[in-house]
Every structure is written in C-alpha cells, then in structure tokens.
Amino acid sequence: MSEIKRRDFLKILGLSGAGTGLVGCAQEPAKKLIPYLVQPEEIIPGIPNWYASVCRECPAGCGVHVKVREGRPIKVEGNPDHPVNAGRLCARGQASLQGLYNPDRIASPMRRVAETGEFAPISWEEAEAFLAERIQALRQAGRADRLHFLTDAAAGSSERLFAAWMEALGSPNRLIFESFDLEPLREANRLTFGTAEIPSYELDRADLIVSFGAGFLETWSSPVQYARQFSRSHSFGDGRKGRFIHVSPRRSLTGSNADQWVPIRPASAMLVALAMTRELVADGHAGARGAAIRPLVEPFTPERVAEAAGIEAETVSQLAREFAESPASLALPPGVELADRNATATHVAVNLLNYAAGNVGRTVRFGPNLRRGRPAGVERLQALVTAMNGGAAEIVLVHGVDPIHTLPSAFGLSEALENVGLLVSFASYMDETAARADLILPDHTPLESWGDHSPAVGVHGLQQPTINPVFDSKHTGDVLLSLAARMGGDMAERLAWPNFNSYLQESWQTIHQEFAPSQSFEQFWRAAVSRGGVWREVAAQPVTLSRAVGGVEFDVPTLDGDATTPYTLITYPSPNLYDGRSANRPWLQELPDPVTKIVWNSWIEIHPDAASQLGVQTGDVLTVTSPSGRLDVAAFVHEGVRADTVAIPLGQGHEHFGRWASGRGVNPLSLLPVAKDATTGSPARLATRVALSATGGRSRLVVVQGSDDDQGREIAEVVSLAAALEAEEHAHVAIEREPDALVESAQDADPKSPYRWGMAIDLSSCIGCSACVTACYAENNIPVVGEENCAQGREMAWLRIESYYEHVVEENGHGGGHGEGAVHDESKGSHVVHLPMMCQHCGNAPCEPVCPVYATYHNPEGLNVQVYNRCVGTRYCSNNCPYKVRRFEWFDFEFPYPLNLQLNPDVTVRQKGVMEKCTFCVQRIMSARSDANARGRDVADGEVVPACAQTCPAEAIVFGNLRDSNSRVSKLARSGRAYHVLGELNTRPAVTYLKEVARGHEEG
Amino acid sequence: MPSNRRRALSVGLTGLAGLALIALVFQLQRPHPALSAALVQGDQFSLDPDTLVGWGRGPVQPIFFSHRRHAGVYEMDCLYCHSNADKSAWAAMPPVELCLGCHRVVRAASSEIQKLRGYQERGEAIPWERVYWAYDFVQFNHGRHVRAEVECEECHGKVEEHDVIYKWAPLTMGWCLECHKKPQEDEAKLAAAARNAALFGERGRESHGLYPRSIDSDYGVLSGPIDCAACHY
Amino acid sequence: MATVSPPARTSFGRVSRDIIGALWEPDWRYRVMMLVLIAVLGWAGYAWVYQIKVGMGTAGITHPVMWGVYITNFVFWVGIAHSGTLISAILYLLRSGWRTTINRAAEAMTIFAVMTAGLFPLIHLGRVWYFYFLAPYPNQRLLWPNFRSPLIWDFFAISTYFTISLLFWYSGLIPDLATIRDRMKGLTGRMARFKERAYGLLSLGWQGSDSQWRNYRRAYLYMAAIATPLVLSVHSVVSWDFAMAITPGWHSTIFAPYFVAGAIFSGIAMVITLSVPFRWALGLEDYITEYHYDNMGKLLLLTSLIVGYAYVAEYFMAWYSGDPVEWESFAWRATGDYAGPFAIMMTCNVLIPLLCFSRKIRRNITAIFIISLFVNIGMWYERFVIIVSALAHEFEPAAWGLYKPTWVELSITAGSFAWFLFWFMLFAKTLPAISITEVKESMAEGVWSPGDKKEDS
Amino acid sequence: MAARGVVTATFDDIHTVVGAVRSIRQEGCEDLTVFGPIMEHELEEAIGKPPSPVRRYALVGGLIGCISGFALTTWSSFYYPLVVGGKPLASTPAYVVIAFEMTILFAGISALIGMLIHNRMPTVKLHPEHKPDYTDDRFAVRVACEPKRAARVQEVLRSYGPREVRID
C-alpha cells in the first residue's frame, strides 16, 4: 500500500511537526493534527500562497509564480507580467519542482575519504574550514592563480559575486562554461553590424520565417518567448497566417511546425543563405542596401549552391523570391546543433539575408538585446585541461555546470581531472563532475535561493526562496562569502557582506536608481520581490552594415571523416532534457520526445533509405563510429532527417546523476572531435561524419505513440489557407446572424446550470512542445511509471500530444486536387500536426453508461467526472473510450520522499486499481466557483484556467464556459475551422479542435 | 408438524446469530478509549471522569482541553480559535501562541497550562489526536460550509456542552447527503436556477428528461450539491 | 466399500446399480489427480493474491488493451456453461432421446463452468475488495449500481443463470438422490447409514408418489421452459459486453446469435471432451455410446457452421459498410500481430469440425474426442481474438498497442481449469453422473436402453 | 373416517401400471396412489388428478420478478440521479435486460418453491407406505377403498400380473 497521501503534509505542518509518521492504510489521512507553534502571518492552511521568482532551468530566464501550500511549493507557473514568457512555461520549467524535491539531491556537504574513496557527509563548518584552509594555503604560497573556478553563464549578481571573489583572491582563472552558446551569433553581429549583441528576433511581426535550423521552439535562446511570438505569427487568425520554412537537414520539433521543410545538406545553410541573398539583390529587392553586399554574395548562384546543398536550384530561387516578396520576413540562423567550423560566417550570411530583405530594425531589432554570459571558447577550455594535466590547477571549483557530461570527451577533461589537487563541486545533484569531486558543497536549488537573472536588456528577474531548504544545502554565494570571511585579510574586507541576500540587495541599488529612484529602496525591493523583478521597454537602436563584413570568408566548413564515414552526425539538445541537466527528472524522462515519441532513452534518427541500405529497423542497435569515438545506440527510422545525415539527442548517457538518469542512453558527445568555430573559437557541434553498422542486437526503444498515420480518419485535420478563409467567412456570417447561438455541446449540462465547461484547441497554434503534458503531471499528481511500464503502454499521461503526418485536405471543392496550390511536399507526409489529446468530456460519453457503479458520469456542469473512490476497476470505460484517454493505476506508484511533498493536496492520489483521466482540472473549477459563490456571482470567463492551458507557450488551449456565447471558448468553438475528433461517433465532445492551416508558397 | 417447528427454530437462531454478529462489528467500531491514560491532577476544576461530558467517547488528548469550559462557560466564539474555519478548506487548529495569548496569565499555574508552556518552550507542536477526519478522496471544504451558514453544531454537536471532543456525527456519505438533499430555501439561488433553465432549457436537452429537478448543483433546488464531483476529485 | 447391494432383478435395477456403483471408493489415480488439481489451484491462488497485493499491472493487460485473458476466460467458461442447460432444457422440451445419459454431467459442467466463469469478473477487477459495489443493496452511500451497464446485466444474467441452473440440476437430482438413499437402506455399516442420512436430506424426502411426480414434473417442465430463453439471454448478455461498446470489431448486431451459437459449440465440445475419459473411468461405456457422440457430432457441426457463417458475415459487414475504422480493425485482425491466434481460431472452429460431416468420424469416439479438443482450443482463441485484437486497434491510431499475457494470467487460467475439473471430479464420485430416472424413462418409452449404439440410425 | 381397506400391488413395468390404474378407476376407486421410480404422461392421465398448481407459482413469481426488475432499476435511477452517456434517467430499453433476468429468476425459484410446498418437501419423514424399491425398479399402486370392495380391487390388480399384492 502506498504510503504517499495527499495530506501527508500534515506531517510537516508547523515548525517541528515531523515527528508523526503515522499513516494509516486505505487512504486514511494522518491521525494527528499538528498546529503551528506560531502561525506565519500570511499562511492559512488550505489556501495557497504565490511567490514570484525566476526559472533557472535554462538561460532564458522566464519569470515564474510558485504556488506554495503550507510551506511547500507544489506548482510552478509562468509569471503573467513577465516580458519574457508572459505567464507561460515550458516542460523543463514545470519540472523545476522535481529538481527541488529530487530524492537524489546531495543531502549535506560531503568529502571524499581518502582511504575508501567514498564520500562521507560532513558538517558545513568542517567543510568550509577545510576549504578555506586549502585556499588560504594556496594564496599564501602566492599561487592563487592555481585556483580555477568554472561557473555557468548566469547573468546576475551571483555572476558578479563570483568575479569579485576571484578578483579578491587574485586568480584570473574564472571560466564560464555553457553547453549551448550564442557566441557565433554575437560575433557575426559584430562583423555585420558592428555590435556584438544578440538582437531580439520579433517572430510575431514576421509574415514569413525562414529558419536555417534554430530550435527556437525547443531550446534555442528563449524558447517560451519565441513559441508565443511564433504562434502569434504562424497560427491562423484575422484572415491571415504566417508561413514558416524550415531549411535544415533535420526536421526538429521546431521544423515539424513548418509549412515547408527544405532538407539541405548539413553545413550548407551558409551557402543557401548567401544564394538567397544573391537572388534577392539580383532581383533588386534589396534596393540601396544591395550595392554594399552584392560583391560579397555574387559568386553564390543558386545553381552552384544547389549542388552543394543537395536541393534544387529552383527551390533556392523560390525561397529567395518568397523571402523578398513577403511583407515582413525573418531569417533565423542555425541552432547550436548545427554550429559548424565556420558558424560565424553562416550567421553572417543569415544576417546579410535579413539585411538585404530590410528586416533589420523590423523583425530583427537591436536594442532590446538578449543578455547571456559569454562562455569560454575551445582554446580556453583546452588551456584549462592543459593546466590540469600540468599540475597547474591545484584547486578547481565547479558551480552550476557538469563539464564532464557536456563537453566532448575528446577534450580529455575527465582524464585531466585526475591531476587536480582538490576538485570542489557546488552541485546540488551527484552529476558526473560532482562524482569526481573531492569535496561537495551542495548549493540550494533555484526555488530555495535568493538570486537574480537578467535575460535581456531592461529585464531584471528576481528570485526568492519559496521553501525552507529541503536538505542541508547552502547557497554558493553564502559559501563564498563565508570562505572569504574565514580567510580574513583583504579578502574578508572586500567581501564583507554577511550573506548573499545582502550582496544581492546591494547590487540592486543600481537597478533601484534606474527604475524607481523616487521610492525608498525598501519599497522598491518589496515590490520587485513580489513582482518577480523589474523590467521596462527598451527602444530599438538602428544599426548599419559594418565594413568588417567584407572580410568574412565564406569557406565551406569541413567535417571530420572520410569516404568510410558517409553520414553526417547531428547532436542536438533534447527538448526535454536540454544538455542533460534535466535528465534526472522523472517527468521529463517520461515525457515523450516531441518528434520521435520515445521515452527514457537515446536513439539515432536515420532516414528509411539509409536504414534499408543498412538493413535495420527501428530498435536495431547500430554502432556509430566517428574518428573521435564510437558508441552503440538503437536506430529510430523516420523521415525527419536527410538520408545522408543521422541525429542523436544530447542529454542522456549519464553514469551518475541519480536513479532516473544513471546508465540510461548514450552521450553522443563522445563522438565529437575538439572542433571550433574558426572565428569565435566556440565549440562546433556539426563537425564530424560517422560510419554506421548494425550490431545485430535489438534494443528496447519505447515509442509511446502507436501510429503516426491517422489512416484518413480525420483525427488531425489540415486545410489550406484558402479553405480556412472560406470556412471562416461562412462561420462569420453565421455568427453575425445569430450572435448568441451556442454550440451544440453547450446543451450537455443541466439546464439550470450556467456552465457547460469546454475547451478549444487551435491546432494551427499548437507547436507540440509538450509543456502542457508536464504541467498536467504536476497539477494532477500523475505518477511516473518508468521505462518498463511505458514499454507496455502504461504511461499515465492524462494529456498526450499525438503527432500525425498529414496531407492537406482541400475542402469545399477549393483548388480541386489534393494539396494543389497548398503545400509542396518535400517528402511524404509533409505536414506534421500536433494534436493534444485528453478527455473530451463528451456529452454522450461512451465511457459512462458502461460503468457498472457510476464511477464515471456526466455532471450538471457538463464534466465527465471520474469518482476514484467509487471505481472498482473493470476498465470497461477505457475499452469504450474512442479517444483512449483513460489511464489505469496498474500499481501503487511511488513518489519517493521528498517528491511526495510536491503532491497537490487538492487532488486525490489515486490508489492502485482505479481508472483516471483528465478532469479539466476540476479542482480549479471548484475553487473558482467557490470564490465566485462567495462573491455572489457566476464564474467569469478566464477565471478557470486548467494547468495545460495555463502553461501553453503557444496559447493554443482555451478553456471556458460554452454556455456563455461571449466566452473565448464559445467563439472559437463556432469558428469555421472547428471540428470534433471522431465527431461522427456522436460523442458530442466538449473539446473543439480548430483545424491546422497549411500555407503554401503561393498563398498569403 | 415437528419438522416445521424445528425449521422455524433454526431460522430464528440463524437470525439471532446474524444480529449478534452485526452488533459485535458495531461494538468493535466504536472508539476504544484509553481510560487509563492521563487523569488530570491538581487542577481546581473537577476532572472527575463521571462528570465530564464525552469522557471515554473520544480520544485522550495530550492536553486536557474542555470545550465546555471555553465555548460553553466563557462563550468564546468558535472562530476565535479556529480562525480559518470560514476561510479555508481546513478548519485547522489554533497555533500554540494563540492559547498562550490568554494563558500566559490565565491559570498559568495549572498543570495543563504548564504542559502547554512546555510544548512552547521546547518548540514542539502539540500532537492533538484527530477526531474528525475524512478520507483522502473526500474534498471537504470547511470554509464553504461555514460561509453557507451551516451551524457548527450540525456536524460537531454541541461542543459547548462537551468536555471531551468525540466524533459526534457519523460522517458517512449518506449522512452528508441528508443535508445536501434538503430543498433549497435561498430565493436568489432558486431564481438564478429558474433563469438559467429558461435560458438554456430550451436549447438544452431537458426534453429528453436528462436532468430532472432532483439533480442539481448550487444553482438548483437542493441546499447542497449531490453531484459526486462536488466532493470527489 | 464395494457395492454389496442385492443384485439387480430387472433392467431398471441394473441401471440403478450401474450408475450408483460408479460412485464409490475412488482409486489412487483419482486421488493423485485431485492432488495435482489442488496444487495447480494453490498456485493460481497465490498468483491471484500476488496480483491483488501488487496491482493489476502484474497481468499483461495494458493501455489500450484493458481486457485480456481474464475476460477471454470468462467468456470461454460462460460458453462452456451453455451446453448443459441447452441439453437438459432445450432438448428436454424437444424430447430428444439421446440427451438422457449426458444431461446430468452436462448440467454439472454448466454449474461448475459458471462457478469458474464467475470468478473472472472478480479476478479482473482493479479493486476486487470493493466488488460489492456491483451488487444492488441498500447502503449508507445511497448509491445503486448503474443498471445500464452491460456489466450489471452480466451480474444479473450470470447470477440468475447460476441459480436457475443449480436449481434445475438439483431438481433433476432429487429422484436419483432418493434412489441412492433407498439403495443404502439395504446396506450395513456406519458409512451406509451416513450416506443414507446425507442423501436422504439432499433428496428432501422424495418418495415417488404420483402427486409428487405430478408437481415435480410440472415444476421441471416450467424450469426447462424458462431456462431455455435464459440460456439464450445469458450469452446474448455476455456478447453485449462487447456489442454495446462502440469499439470497432465489437460493435455488431450479430454478436448475440453469434455468441450463443459459439457458446453451444464450445459447450458441446467440452461435453465430448469430458465425457470420453469419464465414461471410461466410471465404466459407463454402455450408457454413453456412439449413438450419443453421433448426435453430439451433428450438433457440433451445426453450430460450427453457424459460427463460421458469423465469422464470414462479420467480415462481409466490415467490408460492405465502407467504414474504414471497422475494416482496418478486421483486416488487421487477420493479418496483424494477432494473425496467429486468428489462424488457430479459423482452423479449429471452422475447418476441423467439417470432418463431422462424415458419419464414420462422428461415430469414432477417438476422432470426435480429438476434434472436440481442437474446438475447445479454437473457441478460447476466438474470444481472445475478439477481445484483444479489437482493443489493440481502435479509433485513435496514436493509441494503438499490443498485449501479451503474463505468468500471473496464465497461472490463473490454468487454475481455472483445475478449479473446474476439481468440482467435476468431486461430482463424479458423489452424485449420479447419469440421470438414473431419465435412463429408466427412456427405457420405458423404448427410445433407448443401455448398450444401444443405434447403428442403424 | 371409517376404516378403509388398502390394497397395494407392486409391478415391474410402468405400462402395466397404466392399465391397472385405468381399470381400478373404471371400478370407481379414485383414492389411489402410485409410487415408482419414474412417471409418464400416460400414467398421469390414467390417474387423472387435476393439473399441478405449480404453474401458478411460476406465473406469479415471474410477474413479481418482472415488475420488481423494472421498479428497482427505475426507482434507483431517480433516487440518486446521475446522467450517463447522455441517456435519460429511465433508460427503459436497458432495464429490460434486468427485468427479464429477474422474471426468469423469480419464476424459476417460485416454481421450485411451489413444488416443494405441494410435495410437502423437504421432510425427513417418508410416507409410511414408501418402500426403498419404489425408487429403484418397482411401481406400486396403492388403492384405498371401502373394505367390501377390496376384494374386487385386488382381483383387478392381480389380473395385471403384479409381483405382489398386499392388503392391510
């Protein structure tokens, strides 16, 4: 019997209430009532408090609101006021809670015992004294420069503190490390426009986006922000729809949202961009701007480039023409996974394209620039390795990064660490680097700490602790200050802050002056903390073409390997696991990869043609050999990569890191050489070719989606823009005629109820990022079942993203033929439709009448309710559900301490043997209704937002009352694109889907 | 006929045995008081078990606290101590600090108050024995009931007459529904329901007889919802 | 304790002695067999306890195939249960002479098969400890079951079927029990007294007077009359567990007659399978003869043809409807991951029984026994194919999945056979396995008498 | 009642019994009881007693079952009203199945109960005239008549070649 109960938190209620471990069986709550000794003023048991903070799962710096119940954060949601994410959050952000409550966190400082080689816990006093003594010794010996400090690329006060500390210490060897950097982009901007900044790409202003591979909807730069903007540009609305062309060898999640995919040969993006620029200039679209760049691009004719890029010359011309003719175009550079040995030049080429089309200042704006730390280049890293090997690195401090896992093993860092005198890790988890450390001083997780982060010019996010530390960890800032104090002397003087919080407040004095000089600092600080930071509009700055661009050499980058290695290797950041830092979060491991739908594993993507040459199928193990290394990984055969290219996601292949990550999958970085961008020295990831051979072995690759072909069942519908416009026109007329009409499914509730809850999902907005899935896990206490059970089909997700490969369906006799004038198929099944599928809360629900005990029924407000305590588990409802959205508790799934502290107390933790499914977040409906009742009115539109809709970065999900003809959901449900999945079954779903719209290159 | 008599006898005996069994089960279900524990000494109040209302029917608490004394004799308002009872889903227990607000002075010497101070000084929470509880799958919102003007004693009994708190009501589903099923008396709510019915009824599926008068939520003809999802989700 | 009652004076007396004589003193083979059955039962019991403790996940059922071997077994055993009442009730009403020697065993089989089948809805429940939620009884929750659910129909149909079959069987036993009681009177010894008393109690004081006979025969006739629609209804209701769902491959109007025919088909096969070793072990070769197998063979053939027709009709409908979902489901059933079970089902249920067209094969006991074994296997697979292959490929292609049973399910399946056989073997040694009264009636009517193979029929 | 002569004859063959019974009844003796291991329609006709009242039990039981089936399902649907699958609360077509099963159940049980009541079963006391052979291979015709007619009855019975004739 599970020992995890919804009300387990009674145990930690109060200051020292942890003494009662009494848990009865059969879903009885704790038997003791533990009051507070002194009740904190703002806390009322049973009512959540919300605290603003900053998400630190990637450098994007989204603002978050943390929902805290009785002192424990139970949900993270986007901060609606924050300029970066506007209330939205990605799956990794949602899963930050599992970082906080990770049972594999390092519980206390630890020191390696020389005799056994094992770690032993020590006290903070001991640990700090020991470290201070060692550093002091180094300092006194005048070898302070032999202390190296590796940190992440945070842009904030801790960054400044690290710098100040190192400076006070007298060591120049501070090294910023970040897996995915934007240095080539920065440098290209310096070369092209004379400003070494990362501009703001305004996707929402663009009508045509041509991306050369940046994963801007998944990991690149600021994905939540871009997803929102992209959806505004790309989704169908107001009679228009932006067009997106993905020009890249691999169709990533981002690429799967494209209207057209142009699979160019790897490392040829530069040539295509140049050729497009050339065509644009040649056709006179560049106007006066053309003159300056004409000589640069002249040699790159489409014919010449087409050959190198492996596409038709006509395609290049088409791209150029479209780009030129679009009222607002935007070209995006390749992403980090496509950074080759000439990445800067590629970025310059893209800059030229944007410049030639007049996008600079329009869709590419300098001024509100993104701020990122500037990570060290390859040479600096090599120097560190050399220093280590030469014994010149006596003490190495590592904070916030795991270089052993995120640096290609060809660097030899792992071996070099052997020669480090004292390796100190500040990791919160036992990552690969921490596992090698001599001393571990575990840092707080972001949700436990003070901090700040400035993701963009004019945006200062402020982080505050939302819980007392779960384990005996300590903020690294505090540790550094404490070390300084212990070392005394000028060190203590120069770093005289009592704790990091005071340091933080002091460094915010300047921001105070900038933003609100009239307020007292106290007032300003209080407001900033409660808002989650401060921000302001930043004006765009005009830029001009720099002379330096003339000196850029557009050499075709080289790839390692020869004729024996025919496949180019792409190692891309996993949308779920990023660079691997999220690998020990069970929600993210169990979240199907948005493209392949694989969980808990690594794979190599390979084109069917290549697969048939090798004679392999999905699941067959391949040996991948590059000049730098080899590994075995299971093949995933699909058409999302070119036949001459293979792709392996990053993020897996941990040896340590915790129960969910260790020994899982492979780390493809072992295949990469030490390669760098010629100009910036930033690591080049697109640098090698590989050979493949089948081992003959099979590996279990758990693909959770049964089939990606909807068999013409009109489950995921795509229409051409013209058809969508016409349908919208009809709908508009109908709405004009009968403005108050309700949709049919509004009837399916008690006549006396003012509500019939419903949902509308715009498939033309949905990007398939799966943030909703993780939000649903977090909100609804959905258990994680592990790879074994997923392989059997037992994942518990109430909400899943189904991705179907579709062709455009012409409606209303429009256009005549199949796909004519709509989409040019570059490959079969050209259009990917991401379809969020959850309980449809049908009016005529097939699941309901078959339940022998009324455990599921239709409630007066139109919800399809599942009563867990009534359910006996016949599972008939699931058999009769055409949408297959019901999940069954196969076991008493566990939430190992302290993961159980995350459980939402408003949602029952289900016992084994019961059926469950999406409830439309009924707890939120009930709470909104309760609040509205207390105010003596009905629930207003927008007051109930389920977790999925709340977090959706693309704003694709709208929830509300179908009985209110003015509600957003009602209006969407009457849209011309509205349809019900399997509507022919007369299930009368409450969920309305709006058809995906594909915009062909002749439309607009 | 003797065989008939014998048959009647055996049926009767079986019935009796069944009744006895049922009685036994009910007997076992009653709270078993730990009478031997903690007889309070040295207080000027009579703590003779024979005179204490509720003694033996509820658990022995770590501190002897009499609701009769506080809510009855001194007529303290329930919400003074259980201050969240109308705000939150949980009524919750008062913090120790609140007790000491009075008891730093009032009867500070009494043995029970000494215990209270002991908890406070040790920084320990008082592990009150829970009397009223609902299963994990019941989403009971205490505040909503108080706001709906359900009197405390409707569920907790006359605590102002009880020295020892015991589970006064059965807290079974049928018991909850007894109240929920009572006819709605709030005119405003009835009017709202009628309005909605006029608005949605014609377009609804009332003609199918799907939603009769007896199914309702807050907007209808019953005082409380009898919709399962009102409490179970 | 051997039979020491006085030797038979008449042919009637011989019948009594032959049939009662088969009851006494099991030999070592019987005991070993019982021990094996109990061991298998124990193992299956362990598997069930394990499943309850750990969760339904120990079985192979999964999303989207939420029903698997358990429901297959349920339908299989309910099907087996159909021949008994059919033979006793329908053939009784039709006055078929050949039913007399096999109806008792067939009815017993019915009861034990229902007892077995009835376990599976419990075994497959996610929370079996709340099984009583399914029963209609007044409770403090003020809740009643959902009478619209085919599962509640099942609950009613199966419990009614069990009750009526038991009563019908027991009514048929009453005169025979009295016969045994009276046979014991002539014997001495404590065991004989005990048996006299025990069978006396069970026979409820039957004495064979004409007024008793009149009421008895009337009651028996009525029970036969109501049992007939009941038989048809029960398997119809079972088929509605599937047909009432919208699942492609299940949602079909022909399910009720198709399932009823299938049930009778499998039931007859099971009667043959059991009676062959049973007549040999109890020395009742004279009572169950080629004549009976010939007739059962005909019935087997008839029902096989109906079942085969239903298979074809299903495919025709799926194709002719033009519903792509339906057609995909059926096409995949024959060609997809479950093509193996599908082939077994087709071969065993449609092709092999065609051999029964030959009178020679029908009257060859070994041959018909082997055919019946194939039919049993085929009918189990039929249910498996219907349940699993339909669920595996439903409306949402993204939610397609496969199912494979685990050791828990297989152990419990084996246990169900042990459970069934355990009761059957117990029955064979404690109650007259052939209706003494009805054999005598047949003889009196001159329809058939022991040893008659009716070669000329 | 005045003392009556009782003549009991035992036979091996049921067909003989039919003849014997017919003859006795022609003699005007209606008070006769037949024991035997089996019964036949012909014999029942010959004995000529009125049809068994068991059929009424079956009818009444069936009706009660049918009505209570519909009543239980419909009442309970309104007692705690829950809408499922967009179906009306009184989903009568679905309730037909329940009503049907309950009809059968009640009819069957009532028929059996009727039979038991009218057969005075269960009992441990057997009819004093019952002999163990009557459930094995012997048929007995027991005729009660005025003593003066006993001889005639005996004569008729003997004409059918009984195993044994007894008078008491």
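Chain C of this predicted model contains 15 helices and zero strands, where helices (H or I, at least four residues) and strands (E, at least two) are DSSP runs numbered from the N terminus. Local features were considered at pLDDT of at least 70 and side-chain atom pairs only at pLDDT 80 or more, whereas totals for chains, interfaces and linings use all residues; side-chain values rest on heavy atoms, with hydrogens and water left out. Residues are numbered from 1 along each chain as its sequence is written, and chains are lettered from A in the order in which they are written.

The C-alpha trace of chain C extends over about 75 × 60 × 45 Å along its principal axes. A compact globule of 457 residues would have a radius of gyration near 23 Å, and the 23 Å of chain C agrees with this expectation (the radius is taken over C-alpha atoms, and the globule rule is 2.2 Å times the number of residues to the power 0.38). Of the 457 residues, 66% are buried, buried being under 20% relative accessible area, exposed over 50% and partly exposed in between, with a 1.4 Å probe and protein chains only. Contacts (heavy atoms within 4.5 Å) in chain C with a separation of 6 or more are formed to 80% by residues 24 or more positions apart. The chain exposes about 15,400 Å², of which carbon and sulfur atoms supply 70%; accessible areas come from the Shrake-Rupley method with a 1.4 Å probe, and for residues only the protein chains shown count as cover. Chain C carries 35 positive and 29 negative side chains, the centres of the two sets lying 11 Å apart. In this count Lys and Arg are positive and Asp and Glu negative, while His and the chain ends are not counted; the charge is placed at NZ of Lys, CZ of Arg, CG of Asp or CD of Glu.

Helix 9 of chain C (residues 290–321) comprises 32 residues and reaches 45 Å from its first C-alpha to its last, close to the 46 Å expected at 1.5 Å a residue, the expected span being 1.5 Å times one less than the number of residues. Just after this helix, C:G322 adopts a positive phi of about 75°. Residue C:I365 belongs to helix 13 (residues 365–392) of chain C and is buried, with a relative accessible area of 12%. Beyond its neighbours within four places in sequence, C:I365 contacts C:V276, C:R279, C:E290 and C:Y293. The C-alpha atoms of C:I365 and C:T289 are 8.7 Å apart, although 76 residues separate the two in sequence. In the loop between helix 2 (28–54) and helix 3 (69–93) of chain C lies C:P64, which is joined to C:H63 by a cis peptide bond with omega of about 5°.

Helix 3 of chain D (residues 54–79) has 26 residues and should span 38 Å at 1.5 Å a residue; its end C-alpha atoms are 36 Å apart, in agreement. Its buried residues, among them D:G61, D:G62, D:G65 and D:G69, pack against helix 5 (150–185) and helix 7 (210–243) of chain C together with helix 4 (92–118) of chain D.

Chain A contains 29 helices and 40 strands. For its 1004 residues a compact globule would have a radius of gyration near 30 Å, with which the 28 Å of chain A agrees. The C-alpha trace of chain A spans about 85 × 80 × 70 Å along its principal axes, and 70% of the residues count as buried. Its accessible surface comes to about 30,400 Å², 48% of it belonging to carbon and sulfur atoms. Chain A has 92 positive and 119 negative side chains, with the centres of the two sets 4 Å apart.

Several backbone features occur in loops of chain A. A cis peptide bond with omega of about 0° joins A:Y897 and A:P898, the latter in the loop between strand 35 (887–888) and strand 36 (915–916). A:D238, a residue other than glycine, has a positive phi near 50° and is exposed at 83% relative accessibility. A:E955, likewise not a glycine, has a positive phi of about 55° and is partly exposed, with a relative accessible area of 24%.

Chain B contains nine helices and one strand, in the order α-α-α-α-α-β-α-α-α-α along the sequence. Buried residues make up 36% of its 233 residues. Chain B exposes about 13,500 Å², and carbon and sulfur atoms supply 60% of this area.
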